[in-house]
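Visitor: Hi! Could you walk me through this one? I'd like to talk about salt bridges and packing.

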Amino acid sequence: MRTILFSAVLSFSSFFLVAQTQYLQDVSETQELSQSSVKLFYDGKISKCLENLAKYWPIPQNEIDGLEEKTIKYMNVLDERFGKKIGTLKVNHETIKDVAIRETYLIRYERAAVRLLFTYYKSDMGWTVYSFSWDDSFTEEFKQQ
């Protein structure tokens, strides 16, 4: 019984560990958030990048912390593998009516690129970050041109 009670309390308290505290009011604000996040990511300010996204992202803080830890770990590997950073590029802006937005950016390195994907969802309260991810696979972007 004590285990069940402890689990229930832990589950209930995890509701309050969700990072989101704000909503974006329009599409221009989603674009500004994506652009500023790309700049921070490019500058190696991963913690600040994820902190800014977390204000609008309804996921638990421990998941954001895990993403931050893994991202920082791999950034050093990317610098060694791909060479120095040489710029950023907005690749795509897609929408599903006035319900969802996906923006795709590339961070260009000397020998390859890293893709950043931002997806936003519009609720009754405003726009939220639905997901943020990054990877080194940008071949999918050729299909969209």
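Guide: Happy to. A salt bridge here is a side-chain nitrogen of Lys or Arg within 4 Å of a carboxyl oxygen of Asp or Glu. Keep in mind that this is a predicted model.

Visitor: Got it. How many salt bridges does the count come to?

Guide: The count comes to eight salt bridges. One of them joins lysine 90 to glutamate 103, with the closest N and O atoms 3.1 Å apart. Lysine 90 belongs to strand S1 and glutamate 103 to strand S2, so the pair ties together parts that are 13 residues apart in sequence.

Visitor: Is glutamate 103 buried or exposed?

Guide: Glutamate 103 counts as buried because its relative accessibility is 0%, and the cut-off for buried is under 20%. Lysine 90 is partly exposed, with a relative accessible area of 35%.

Visitor: What stands opposite glutamate 103 in S3?

Guide: That's phenylalanine 118. S2 and S3 run antiparallel and are joined by nine bridges, and they form a hairpin with three residues between them. On the S1 side, 10 bridges join S1 to S2, also antiparallel. That pair is a hairpin too, and lysine 97 in its turn has a positive phi of about 45°.

Visitor: How many residues of S2 are buried?

Guide: Eight of the 10 residues in S2 are buried, so the strand is mostly covered.

Visitor: Switching to helices. Which residues does serine 34 touch?

Guide: Leaving out residues up to four places away in sequence, serine 34 touches Glu103, Tyr105, Phe118 and Tyr120. Serine 34 lies in helix H2 and is buried, at 0% relative accessible area.

Visitor: Which other H2 residues are buried?

Guide: Besides Ser34, they are Thr30, Leu33, Ser37, Val38, Leu40 and Phe41. Seen down the axis of H2, the buried residues fall within an arc of 165°, so they line one face of the helix. They pack against helices H3 and H4 and strands S1, S2, S3 and S4.

Visitor: What span should H2 have at 1.5 Å a residue?

Guide: Its 16 residues should span 22 Å, and the end C-alpha atoms are 23 Å apart, which agrees. Just after H2, glycine 44 takes a positive phi of about 80°.

Visitor: Back to charges: what does lysine 39 pair with?

Guide: Lysine 39 forms a salt bridge with aspartate 43, the closest N and O atoms being 2.8 Å apart. Lysine 39 is exposed, at 51% relative accessible area, while aspartate 43 is partly exposed, at 36%.

Visitor: And which residues are linked in a network of salt bridges?

Guide: Arg115, Asp135 and Glu141 are linked that way.

Key. Residues numbered from 1 in each chain as written. Predicted model: local features only at pLDDT ≥ 70, side-chain atom pairs only at ≥ 80, totals over all residues. Heavy atoms only, no water. Helix = DSSP H or I, 4+ residues; strand = E, 2+ residues; numbered from the N terminus. Buried < 20%, exposed > 50% of the residue type's maximum accessible area, 1.4 Å probe, protein only. Contact = heavy atoms within 4.5 Å. Pairing = 2+ DSSP bridges. Expected span 1.5 Å × (residues − 1). Arc of directions from axis to C-beta.
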